[in-house]
Amino acid sequence: MRILGVLNHKGGTGKTTTAVNLAAGFALRGSRVLLVDLDAQGSVAAALGVTYTYTVTDLLLGNAELTACISPARENLDIIASDRSLIEAEGALWRMNNHDASRLQLRKKMRGLKGYEYVILDYSPSISLMGQNGLLYSHELLVPVSMDYLALMGTRQVISTLKEIGRIQNHQLRLTAVIPTFYYGRLRKDREVLDTLKRYFKKEVTNPIRANVKIAEAPGHRMTIYEYAPNSNGAKDYKQLVERVADYGTKAE
Ligand SMILES: Nc1ncnc2c1ncn2[C@@H]1O[C@H](COP(=O)(O)OP(=O)(O)OP(=O)(O)O)[C@@H](O)[C@H]1O
Ligand SMILES: [Mg+2]
(Lines give C-alpha, C1' and ligand atoms only; values in the text may rest on other atoms or scores of the structure.)
(Ligands and ions follow the chains in the order given, each with its own letter.)
Protein backbone atom coordinates (compact mmCIF):
# COMPACT_ATOMS: atom_id res chain seq x y z
CA MET A 1 0.00 0.00 0.00
CA ARG A 2 1.48 3.36 -1.02
CA ILE A 3 0.52 6.31 1.15
CA LEU A 4 0.88 9.57 -0.78
CA GLY A 5 0.42 13.03 0.72
CA VAL A 6 -0.34 16.01 -1.55
CA LEU A 7 1.14 19.05 0.15
CA ASN A 8 2.24 22.62 -0.38
CA HIS A 9 2.08 25.24 2.37
CA LYS A 10 0.99 27.83 -0.16
CA GLY A 11 -2.79 27.95 -0.73
CA GLY A 12 -4.39 27.33 -4.10
CA THR A 13 -1.55 25.50 -5.85
CA GLY A 14 -3.78 22.66 -7.09
CA LYS A 15 -3.45 20.22 -4.16
CA THR A 16 -7.10 19.16 -4.05
CA THR A 17 -7.39 19.03 -7.84
CA THR A 18 -4.28 16.86 -8.00
CA ALA A 19 -5.35 14.59 -5.13
CA VAL A 20 -8.82 14.04 -6.65
CA ASN A 21 -7.65 13.45 -10.23
CA LEU A 22 -4.72 11.27 -9.25
CA ALA A 23 -6.98 9.16 -7.05
CA ALA A 24 -9.60 8.90 -9.81
CA GLY A 25 -6.88 8.13 -12.37
CA PHE A 26 -5.46 5.25 -10.32
CA ALA A 27 -9.00 3.93 -9.80
CA LEU A 28 -9.62 3.98 -13.58
CA ARG A 29 -6.45 1.92 -14.06
CA GLY A 30 -8.01 -0.70 -11.80
CA SER A 31 -6.28 0.04 -8.48
CA ARG A 32 -8.29 0.34 -5.28
CA VAL A 33 -7.85 3.84 -3.88
CA LEU A 34 -8.75 5.62 -0.64
CA LEU A 35 -8.69 9.43 -0.78
CA VAL A 36 -8.57 11.13 2.63
CA ASP A 37 -9.47 14.82 3.05
CA LEU A 38 -7.40 16.50 5.79
CA ASP A 39 -8.73 20.00 5.10
CA ALA A 40 -11.71 21.56 6.92
CA GLN A 41 -12.78 23.15 3.61
CA GLY A 42 -14.18 19.70 2.75
CA SER A 43 -13.51 20.06 -0.97
CA VAL A 44 -12.96 16.37 -1.72
CA ALA A 45 -16.54 15.20 -1.05
CA ALA A 46 -17.89 18.33 -2.74
CA ALA A 47 -15.75 17.88 -5.87
CA LEU A 48 -16.84 14.27 -6.29
CA GLY A 49 -20.46 14.80 -5.18
CA VAL A 50 -20.21 12.22 -2.40
CA THR A 51 -22.67 12.07 0.49
CA TYR A 52 -21.24 10.83 3.76
CA THR A 53 -22.26 10.08 7.34
CA TYR A 54 -18.97 10.19 9.21
CA THR A 55 -15.85 12.24 8.58
CA VAL A 56 -12.18 12.16 9.46
CA THR A 57 -13.16 14.11 12.62
CA ASP A 58 -15.32 11.19 13.78
CA LEU A 59 -12.43 8.85 13.08
CA LEU A 60 -9.98 10.95 15.11
CA LEU A 61 -12.38 11.63 18.00
CA GLY A 62 -13.36 7.96 18.19
CA ASN A 63 -17.03 8.62 17.33
CA ALA A 64 -17.02 5.98 14.59
CA GLU A 65 -15.04 2.97 13.41
CA LEU A 66 -12.68 3.33 10.45
CA THR A 67 -14.95 1.39 8.08
CA ALA A 68 -17.93 3.61 8.95
CA CYS A 69 -15.91 6.71 8.02
CA ILE A 70 -15.21 5.41 4.52
CA SER A 71 -17.71 6.47 1.83
CA PRO A 72 -17.84 5.06 -1.71
CA ALA A 73 -17.18 7.65 -4.43
CA ARG A 74 -16.62 5.77 -7.71
CA GLU A 75 -15.73 2.26 -8.83
CA ASN A 76 -12.46 1.42 -7.00
CA LEU A 77 -12.46 4.83 -5.30
CA ASP A 78 -13.52 5.49 -1.69
CA ILE A 79 -13.06 8.63 0.37
CA ILE A 80 -12.87 9.70 3.99
CA ALA A 81 -14.59 13.08 3.88
CA SER A 82 -13.87 16.13 5.92
CA ASP A 83 -15.81 19.25 6.84
CA ARG A 84 -15.68 22.18 9.25
CA SER A 85 -15.91 19.83 12.22
CA LEU A 86 -12.23 19.08 11.60
CA ILE A 87 -11.51 22.24 13.60
CA GLU A 88 -12.86 20.36 16.66
CA ALA A 89 -10.51 17.47 16.00
CA GLU A 90 -7.60 19.90 15.71
CA GLY A 91 -8.61 21.37 19.11
CA ALA A 92 -8.79 17.92 20.68
CA LEU A 93 -5.32 17.10 19.35
CA TRP A 94 -3.96 20.31 20.87
CA ARG A 95 -5.48 19.41 24.23
CA MET A 96 -3.68 16.06 24.35
CA ASN A 97 -0.71 16.59 26.60
CA ASN A 98 1.46 14.02 24.92
CA HIS A 99 3.40 15.66 22.08
CA ASP A 100 4.07 12.44 20.16
CA ALA A 101 0.63 10.92 20.65
CA SER A 102 -1.07 14.06 19.33
CA ARG A 103 0.86 13.65 16.08
CA LEU A 104 0.34 9.92 15.70
CA GLN A 105 -3.45 9.73 16.03
CA LEU A 106 -4.17 9.38 12.32
CA ARG A 107 -1.59 6.64 11.91
CA LYS A 108 -3.10 4.85 14.90
CA LYS A 109 -6.67 5.16 13.64
CA MET A 110 -5.75 4.00 10.12
CA ARG A 111 -3.99 0.91 11.45
CA GLY A 112 -5.58 -2.22 10.05
CA LEU A 113 -6.67 -0.52 6.82
CA LYS A 114 -6.61 -3.17 4.13
CA GLY A 115 -7.53 -3.71 0.51
CA TYR A 116 -6.17 -0.49 -1.02
CA GLU A 117 -3.23 -0.08 -3.33
CA TYR A 118 -3.10 3.70 -2.80
CA VAL A 119 -4.05 5.99 0.05
CA ILE A 120 -3.94 9.65 -1.02
CA LEU A 121 -4.11 12.49 1.51
CA ASP A 122 -5.24 16.00 0.57
CA TYR A 123 -3.68 18.50 2.99
CA SER A 124 -4.75 21.97 3.98
CA PRO A 125 -2.20 24.70 3.22
CA SER A 126 -1.90 25.71 6.88
CA ILE A 127 0.65 24.20 9.22
CA SER A 128 -1.50 22.30 11.70
CA LEU A 129 -1.49 19.26 13.93
CA MET A 130 -3.74 17.58 11.37
CA GLY A 131 -1.06 18.22 8.78
CA GLN A 132 1.60 16.76 11.05
CA ASN A 133 -0.61 13.71 11.60
CA GLY A 134 -0.82 13.36 7.83
CA LEU A 135 2.95 13.65 7.42
CA LEU A 136 3.65 10.98 10.02
CA TYR A 137 1.24 8.65 8.25
CA SER A 138 2.45 9.30 4.68
CA HIS A 139 5.34 7.48 3.01
CA GLU A 140 5.68 9.79 0.01
CA LEU A 141 5.00 13.43 -0.77
CA LEU A 142 3.70 14.96 -3.96
CA VAL A 143 4.10 18.73 -4.14
CA PRO A 144 2.04 20.74 -6.64
CA VAL A 145 3.67 24.10 -7.35
CA SER A 146 1.87 26.86 -9.20
CA MET A 147 4.01 29.04 -11.39
CA ASP A 148 4.72 31.92 -9.01
CA TYR A 149 7.33 32.95 -6.53
CA LEU A 150 5.20 32.41 -3.41
CA ALA A 151 4.46 28.84 -4.42
CA LEU A 152 8.20 28.24 -4.77
CA MET A 153 8.58 29.52 -1.20
CA GLY A 154 5.83 27.18 -0.01
CA THR A 155 7.70 24.34 -1.68
CA ARG A 156 10.90 25.20 0.14
CA GLN A 157 8.96 25.07 3.39
CA VAL A 158 7.72 21.61 2.46
CA ILE A 159 11.30 20.49 1.96
CA SER A 160 12.36 21.76 5.38
CA THR A 161 9.30 20.05 6.89
CA LEU A 162 10.38 16.85 5.17
CA LYS A 163 13.88 17.06 6.60
CA GLU A 164 12.59 17.93 10.07
CA ILE A 165 10.21 14.99 10.09
CA GLY A 166 13.09 12.65 9.22
CA ARG A 167 15.36 14.14 11.85
CA ILE A 168 13.01 14.70 14.78
CA GLN A 169 10.43 12.00 14.31
CA ASN A 170 12.64 9.44 12.64
CA HIS A 171 10.02 8.84 9.99
CA GLN A 172 11.09 8.16 6.42
CA LEU A 173 9.22 10.36 3.99
CA ARG A 174 10.22 10.42 0.34
CA LEU A 175 9.72 13.26 -2.10
CA THR A 176 8.19 11.46 -5.09
CA ALA A 177 7.09 14.32 -7.32
CA VAL A 178 7.19 18.08 -7.66
CA ILE A 179 4.30 18.91 -9.99
CA PRO A 180 4.23 22.24 -11.86
CA THR A 181 0.59 23.40 -12.02
CA PHE A 182 -1.31 26.26 -13.70
CA TYR A 183 1.36 26.19 -16.40
CA TYR A 184 1.14 28.53 -19.39
CA GLY A 185 3.96 27.50 -21.73
CA ARG A 186 3.61 30.78 -23.64
CA LEU A 187 4.53 32.89 -20.61
CA ARG A 188 8.20 33.55 -20.09
CA LYS A 189 7.67 33.79 -16.33
CA ASP A 190 6.23 30.24 -16.27
CA ARG A 191 9.13 28.84 -18.26
CA GLU A 192 11.52 30.55 -15.85
CA VAL A 193 9.79 29.20 -12.75
CA LEU A 194 9.83 25.74 -14.32
CA ASP A 195 13.59 26.03 -14.99
CA THR A 196 14.17 27.09 -11.39
CA LEU A 197 12.21 24.09 -10.16
CA LYS A 198 14.21 21.74 -12.39
CA ARG A 199 17.51 23.16 -11.19
CA TYR A 200 16.47 22.67 -7.59
CA PHE A 201 14.68 19.31 -7.78
CA LYS A 202 15.93 17.69 -11.00
CA LYS A 203 14.35 14.29 -11.56
CA GLU A 204 11.45 14.81 -9.16
CA VAL A 205 9.90 17.46 -11.42
CA THR A 206 7.10 15.97 -13.53
CA ASN A 207 5.61 17.25 -16.76
CA PRO A 208 3.53 20.34 -16.00
CA ILE A 209 -0.23 20.38 -15.57
CA ARG A 210 -1.29 23.13 -17.93
CA ALA A 211 -3.73 25.83 -16.92
CA ASN A 212 -7.00 24.52 -18.31
CA VAL A 213 -10.47 25.91 -17.73
CA LYS A 214 -12.04 22.42 -17.85
CA ILE A 215 -10.08 21.51 -14.72
CA ALA A 216 -11.61 24.47 -12.90
CA GLU A 217 -15.12 23.68 -14.16
CA ALA A 218 -15.20 19.95 -13.36
CA PRO A 219 -15.74 20.16 -9.55
CA GLY A 220 -18.78 22.41 -10.07
CA HIS A 221 -20.30 19.51 -11.99
CA ARG A 222 -19.20 17.06 -9.28
CA MET A 223 -17.00 15.31 -11.82
CA THR A 224 -13.39 14.29 -12.22
CA ILE A 225 -11.57 15.71 -15.23
CA TYR A 226 -11.86 12.32 -17.00
CA GLU A 227 -15.64 12.38 -16.62
CA TYR A 228 -16.16 16.06 -17.41
CA ALA A 229 -13.77 16.59 -20.30
CA PRO A 230 -11.99 13.34 -21.22
CA ASN A 231 -10.31 14.85 -24.29
CA SER A 232 -9.13 18.06 -22.62
CA ASN A 233 -5.50 18.99 -21.98
CA GLY A 234 -6.33 18.70 -18.29
CA ALA A 235 -7.33 15.03 -18.66
CA LYS A 236 -4.23 14.35 -20.79
CA ASP A 237 -1.90 15.99 -18.29
CA TYR A 238 -3.38 14.20 -15.29
CA LYS A 239 -3.35 10.82 -17.07
CA GLN A 240 0.33 11.31 -17.75
CA LEU A 241 0.93 12.18 -14.11
CA VAL A 242 -0.95 9.05 -12.99
CA GLU A 243 1.36 6.88 -15.13
CA ARG A 244 4.43 8.65 -13.87
CA VAL A 245 3.55 8.25 -10.18
CA ALA A 246 2.47 4.62 -10.73
CA ASP A 247 5.80 3.89 -12.47
CA TYR A 248 7.80 5.54 -9.74
CA GLY A 249 6.32 3.02 -7.31
CA THR A 250 7.52 0.04 -9.32
CA LYS A 251 11.01 1.47 -9.89
CA ALA A 252 11.62 2.55 -6.33
CA GLU A 253 10.51 -0.67 -4.65
N1 LIG B 1 -4.46 23.32 -13.99
C2 LIG B 1 -5.48 24.11 -13.63
N3 LIG B 1 -6.03 24.96 -14.52
C4 LIG B 1 -7.07 25.76 -14.18
N5 LIG B 1 -7.62 25.80 -12.96
C6 LIG B 1 -7.14 24.97 -12.03
C7 LIG B 1 -6.03 24.09 -12.30
N8 LIG B 1 -5.75 23.41 -11.15
C9 LIG B 1 -6.62 23.83 -10.22
N10 LIG B 1 -7.46 24.77 -10.73
C11 LIG B 1 -8.52 25.51 -9.99
O12 LIG B 1 -7.85 26.43 -9.12
C13 LIG B 1 -8.49 26.49 -7.86
C14 LIG B 1 -7.53 26.06 -6.75
O15 LIG B 1 -7.18 24.70 -6.93
P16 LIG B 1 -7.20 23.67 -5.72
O17 LIG B 1 -8.44 23.82 -4.91
O18 LIG B 1 -6.92 22.33 -6.27
O19 LIG B 1 -5.97 24.19 -4.88
P20 LIG B 1 -5.52 23.81 -3.40
O21 LIG B 1 -4.04 23.85 -3.37
O22 LIG B 1 -6.20 22.56 -2.98
O23 LIG B 1 -6.13 25.03 -2.56
P24 LIG B 1 -6.15 25.15 -0.95
O25 LIG B 1 -4.77 25.54 -0.56
O26 LIG B 1 -7.18 26.19 -0.68
O27 LIG B 1 -6.52 23.79 -0.42
C28 LIG B 1 -9.71 25.60 -7.98
O29 LIG B 1 -10.81 26.38 -8.34
C30 LIG B 1 -9.36 24.63 -9.10
O31 LIG B 1 -10.51 24.15 -9.78
MG1 LIG C 1 -7.30 22.13 -1.26
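Visitor: What should I know before starting?
Guide: The model is predicted, so to speak of local features needs pLDDT of at least 70, side-chain atom pairs count only at pLDDT 80 or more, and totals for chains, interfaces and linings use all residues. Residues are numbered from 1 along each chain as its sequence is written, while chains are lettered from A and ligands numbered from 1 in the order in which they are written.

Visitor: How many residues surround ligand 1?
Guide: There are 19, and the closest are G11, K15, T16, T17 and A216. A residue counts if its C-beta atom, placed from the backbone, lies within 6 Å of the ligand.

Visitor: Which element gives the most to that shell?
Guide: α1 does, with 3 residues. Helices here are DSSP runs (H or I, at least four residues), numbered from the N terminus.

Visitor: New topic. Which buried residues does α10 have?
Guide: They are D190, V193 and L197. Buried means 20 or more other C-beta atoms within 10 Å of the residue's own, exposed means 12 or fewer, partly exposed is in between, and C-beta atoms are placed from the backbone.

Visitor: Where do they sit around the helix?
Guide: Seen down the axis of α10, they fall within an arc of 65 degrees, so they line one face. The arc is taken from the directions from the helix axis to the C-beta atoms.

Visitor: And which exposed residues are on the face turned away?
Guide: That face of α10 carries R188, E192, D195 and R199.

Visitor: What comes just after α10?
Guide: K202, with a positive phi of about 55 degrees.

Key: Helix = DSSP H or I, 4+ residues; strand = E, 2+ residues; numbered from the N terminus.
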